[in-house]
Structures are given as structure tokens and as C-alpha cells.
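Here are some friendly notes to read alongside the model. Take the points one at a time and look up each residue as you go.

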Amino acid sequence: MGDEVESRPEEMLEAFKALANPVRLQIMRWLRDPDGEFADYEPIADRQVVGVCVSHIQAKSGLAQSTVSSYMTALERAGLVRSTRVGKWTHYRRDEDRLRQLSTAIAENL
């Protein structure tokens with residue numbers, strides 16, 4: 001996804017679609033403060049660097065692993081999160097640069 005968000009309305013639409021689901025929106029809120037929101041779960045790696053383990057997102061949400069994986073794929077496809085593999089686990093963190101770009105594009109184009 002390029003820096004010129006305003007020239008690619010389909011990218012904004014993809015982000016809006018991903019955030020239209022209340023659980024995906026809640027996950028994005030949780031990922032804003034990974035250490036605080038996931039304090040009950042022993043980190044596998046540094047949450048500030050690689051993010052939160054998908055198993056912890058699944059446990060906190062109470063949803064099936066397949067549902068959480070689908071939700072995280074939608075958020076990643078929309079460019080809202082980035083994934084990192086640590087051993088056999090996938091970790092997710094917010095893409096703050098991309099979120100800032102979307103915020104600017106919304107402010108300038110809507």
C-alpha cells in the first residue's frame with residue numbers, strides 16, 4: 001500500500017470494511033495498548049516490537065482460533081496490522097504509520 005492513500009479510495013474502503021466488524025474494531029483497540037490489555041498473558045516476545053501472539057488475542061476474545069485468524073487476516077489485508085512469526089506463533093501489532101496515513105486521507109477527502 002502506497003503513501004498516497006487519497007489516490008486509492010479502494011484502500012480506504014478496505015480499511016473501513018475491516019473496522020466495520022465490532023470484534024475487529026475491539027482488537028484494534030486492544031492492540032493500541034498491548035502491554036496493558038494483555039497483561040494477564042505471559043508474552044512470548046516483546047509486544048512493543050513484534051506485537052501480541054494470536055493465541056492471546058484468541059483467548060481474550062473467546063472466539064475460535066479460525067475466526068480470530070480470519071479477522072487478523074482481514075485487518076492485515078487492509079494494512080491496519082502487521083504480522084511477525086516468532087517460532088510457531090504469529091504476532092500482530094498495529095501499523096501506526098498506515099493508521100496515520102488513513103487518518104490524514106479521511107481528514108483531507110471526506
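Which residue forms a salt bridge with Arg82?

1. The partner is Asp95, and the closest N and O atoms of the pair are 2.8 Å apart. A salt bridge here is a side-chain nitrogen of Lys or Arg within 4 Å of a carboxyl oxygen of Asp or Glu. Asp95 lies in the loop between E3 and H7, while Arg82 sits in strand E2, 13 residues apart.

2. A word on the source: this is a predicted model, in which local features need pLDDT of at least 70, side-chain atom pairs count only at pLDDT 80 or more, and totals for chains, interfaces and linings use all residues. Residues are numbered from 1 along each chain as its sequence is written, and side-chain values use heavy atoms, with hydrogens and water left out.

3. Asp95 counts as buried because its relative accessibility is 9%, whereas Arg82 is partly exposed at 41%. (Buried means under 20% relative accessible area, exposed over 50%, and partly exposed in between, using a 1.4 Å probe and protein chains only.)

4. Now look at strands E2 (residues 81-86) and E3 (residues 89-94), which run antiparallel and are joined by six bridges. Strands (E, at least two residues) and helices (H or I, at least four) are DSSP runs, numbered from the N terminus; two strands pair if DSSP finds at least two bridges between them. Ser83 has Tyr92 in E3 as its bridge partner.

5. The structure holds seven salt bridges. One of them joins Glu11 to Arg98, with closest N and O atoms 3.5 Å apart. Glu11 is in helix H1 (residues 9-19) and Arg98 in helix H7 (residues 96-109). Both residues are buried.
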